[in-house]
Amino acid sequence: MDVIPFVNTWPYERLFNDIYLQTCPLCGEENVLTNMKKSDFNRARENIKTNLILPCCNGRLTILEADEDYFWTDKKLRKD
Ligand SMILES: [Zn+2]
């Protein structure tokens with residue numbers, strides 16, 4: 001598998017079993033509480049491809065991997 005470029009990453013925050021995004025990468029909404037289930041989060045942490053629909057804009061992130069701070073997705077989210 002190819003190495004995922006850093007511009008494809010987006011930071012998340014975890015509070016108990018809730019996953020937050022400080023800012024939505026797609027629409028810019030702030031403090032987005034995602035509807036990501038713990039089981040989906042665990043799958044992402046195991047680097048299993050996981051889709052996340054964002055409640056703010058119905059945009060979809062395809063998460064390929066997740067580390068402690070970032071989701072690694074299949075598309076460019078950051079401006080470089
Ligand atoms: Zn959004």
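What is the order of the strands in the open sheet of four strands? I began my notes with this point, keeping in mind that the model is a predicted one, and I read the order as β1-β7-β6-β5, with antiparallel pairing. I then looked for the edges and found β1 (9-11) and β5 (50-53), each of which pairs on one side only. Neighbouring strands of this sheet are turned against each other by 45 degrees on average, direction ignored.

Next I turned to the hairpin of β3 and β4. Strand β3 (residues 18-23) and strand β4 (residues 30-33) run antiparallel and are joined by three bridges, and Y20 has L33 of β4 standing opposite. Six residues lie between the strands of this hairpin, where I found that G28 takes a positive phi near 85 degrees.

I also looked up the chain as a whole. Its secondary structure comes to one helix and seven strands, and read from the N terminus the elements run β-β-β-β-α-β-β-β.

For overall size I noted that the C-alpha atoms fill a box of roughly 30 × 30 × 20 Å along the principal axes. The radius of gyration is 12 Å, which agrees with the value near 12 Å for a compact globule with 80 residues. Of the 80 residues, 24% count as buried. Lastly, among contacts between residues at least 6 apart in sequence, 39% join residues at least 24 apart.

Definitions and conventions: Residues numbered from 1 in each chain as written. Predicted model: local features only at pLDDT ≥ 70, side-chain atom pairs only at ≥ 80, totals over all residues. Pairing = 2+ DSSP bridges. Helix = DSSP H or I, 4+ residues; strand = E, 2+ residues; numbered from the N terminus. Axes fitted to C-alpha atoms, helices over the stretch in contact; angles between N-to-C directions. Rg over C-alpha atoms; globule rule 2.2 N^0.38 Å. Buried ≥ 20, exposed ≤ 12 C-beta atoms within 10 Å, placed from the backbone. Contact = placed C-beta atoms within 7 Å.
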